Structure formats: C-alpha cells, structure tokens
Amino acid sequence: MSLEPTYWTSVDGPLGSLLLTAGPGGALTSLSVPGQKGGRTVGDDWRRDRGPFRAAEEQLAAYFAGELKEFRLELSTDGTEFRERVWTALDSVPYGATTTYGEIAARIGASRAAVRAVGGAIGANPLLIVRPCHRVIGADGSLTGYAGGLDRKVSLLTLEGALGD
C-alpha cells in the first residue's frame, strides 16, 4: 500500500462522468470512464481535490468542444517497461488519424508475433482519451476492442474526424 496520497476528481463529459487520478506531484495517473474494463474506482484512502486537475479539466473541455488536438499534461504511469513503450507510442498517433496494433508493434521494435501483447498493453492503458488508444484499429480497418466500450471509441473517432458519418 502506498503512503503517498492519490488525489481524484470527476469531470462530466459527453462520455459520462470521467474519473481522474493524480499522485502527490499532480501528474495525471489515470482517466477512467464509467463501466470501463479495468477502470479505477475511488479508494477509501483517496483524497478528493480538484486542484491538481485544473489543466486536465480545461484541456478535456476544449478537446470535447473540438478545439484541442493534442493534450499537454504531465502524465505518470506505472507499467512494465514493455507497456510503457507501447503507451508512449500511442502519444505519437496524431489527432484525426488511426493506426493498427501491428504498426504500434513496429514503432516500438517488437516482432510481428508481439501484436497480441501490444493489444494487451493498449487495453491496459490507464489514461483513456488523453493517451489515444481509441486511435488503434484492426489491420482490416475494423474497430476492435476498447476498454471504454466500442460506442465511446466510435464517438471519439467521430469527434476527431477519423470516421465518416
């Protein structure tokens, strides 16, 4: 159990009430949507405080309004070295574009056989929306799984103009 406090707040948005967490330094550690597979839930020892989240709230509002294409937030995640490489590769997928699991594997220098592991790492991304795992699609163009639900993936890709009407 960590001695450092976890701060949290919730932000209402078009995808539901978003749960944001941060560590003592104020870096964003997670962003979860309601019903998310593997999403976080508020812990008994967490501290509710909107202070560390002002920039995230402003940037999320601008993103959902179609006015922000790239988040500029301090992020802090705690994954394996492999997962961290995959999550960092997500940051390079531009707004309005999509990529495939195989392309992410190639970006991090992983073998073609590692595509399933890449998918697992993407599915475990703790920073939905901010770290754009919704931009990863199947090699055949299909909208494969999304921890936040395929309806939310469609909403995000539509907002970004990556999907037709």
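Biologist: What pattern does the protein chain follow, read along the sequence?
Modeller: The order of elements is β-β-β-β-α-α-β-α-α-β-α. The chain has five helices and six strands. Helices (H or I, at least four residues) and strands (E, at least two) are DSSP runs, numbered from the N terminus.

Biologist: Where does the model come from, and how are residues numbered?
Modeller: This is a predicted model: local features need pLDDT of at least 70, side-chain atom pairs count only at pLDDT 80 or more, and totals for chains, interfaces and linings use all residues. Residues are numbered from 1 along each chain as its sequence is written, and side-chain values use heavy atoms, with hydrogens and water left out.

Biologist: How much of the chain is buried?
Modeller: Buried residues make up 45% of the 165 residues. Buried means under 20% relative accessible area, exposed over 50%, and partly exposed in between (1.4 Å probe, protein chains only).

Biologist: And what share of the contacts is between residues 24 or more positions apart?
Modeller: Such pairs account for 56% of the contacts with a separation of 6 or more. Contact means heavy atoms within 4.5 Å.

Biologist: Now the core. How many residues does the largest nonpolar core have?
Modeller: The largest nonpolar core has 41 residues. A nonpolar core is a set of buried Ala, Val, Leu, Ile, Met, Phe, Trp, Tyr and Cys residues joined through side-chain atoms within 4.5 Å. Leu18, Leu20, Ile104, Ile122 and Ile129 have the most contacts inside this core.

Biologist: Which elements supply at least two residues of this core each?
Modeller: They are strands E1 (7-13), E2 (16-22) and E3 (28-32), plus helices H1 (54-64), H2, H3 (101-107) and H4. The largest share, five residues, comes from H1.

Biologist: You listed Ile129 there. Where does isoleucine 129 lie?
Modeller: Isoleucine 129 lies in the loop between H4 and strand E6 (136-137). At 1% relative accessibility, isoleucine 129 is buried. Isoleucine 129 also has a positive phi of about 70°, although it is not a glycine.

Biologist: What is isoleucine 129 in contact with?
Modeller: Leaving aside neighbours within four places in sequence, its contacts include Leu15, Leu18, Leu31, Leu60, Phe64, Phe71 and Tyr146.

Biologist: Switching to helices. At what angle do H2 and H4 pack?
Modeller: Helix H2 (residues 81-90) and helix H4 (residues 115-123) pack at about 75°, with their axes 9 Å apart. The two are therefore roughly perpendicular to each other. Axes are lines fitted to C-alpha atoms, for helices over the stretch in contact, and angles run from 0 to 180 degrees between N-to-C directions. Under 35 degrees counts as roughly parallel, over 145 as roughly antiparallel, 65 to 115 as roughly perpendicular and the rest as oblique.

Biologist: Which residues meet there?
Modeller: Phe82, Arg83, Val86, Trp87 and Leu90 in H2 meet Ala117, Val118, Gly120, Ala121 and Ile122 in H4. The residues of this contact divide into eight nonpolar, one polar and one charged.

Biologist: What about arginine 47, where is that?
Modeller: Arginine 47 is in strand E4 (residues 47-48) and counts as partly exposed at 46% relative accessibility. The C-alpha atoms of arginine 47 and threonine 6 are separated by 6.2 Å, with the two residues 41 apart along the chain.

Biologist: And leucine 3, buried or exposed?
Modeller: Leucine 3 counts as exposed, at 85% relative accessibility. Leucine 3 is in the segment before E1.

Biologist: Last one: where is threonine 9?
Modeller: Threonine 9 is in strand E1 and counts as buried at 0% relative accessibility. Among the residues in contact with threonine 9 are Leu18, Asp49, Phe53 and Glu57.

Note on methods: Nonpolar A, V, L, I, M, F, W, Y, C, P; charged D, E, K, R; others polar.
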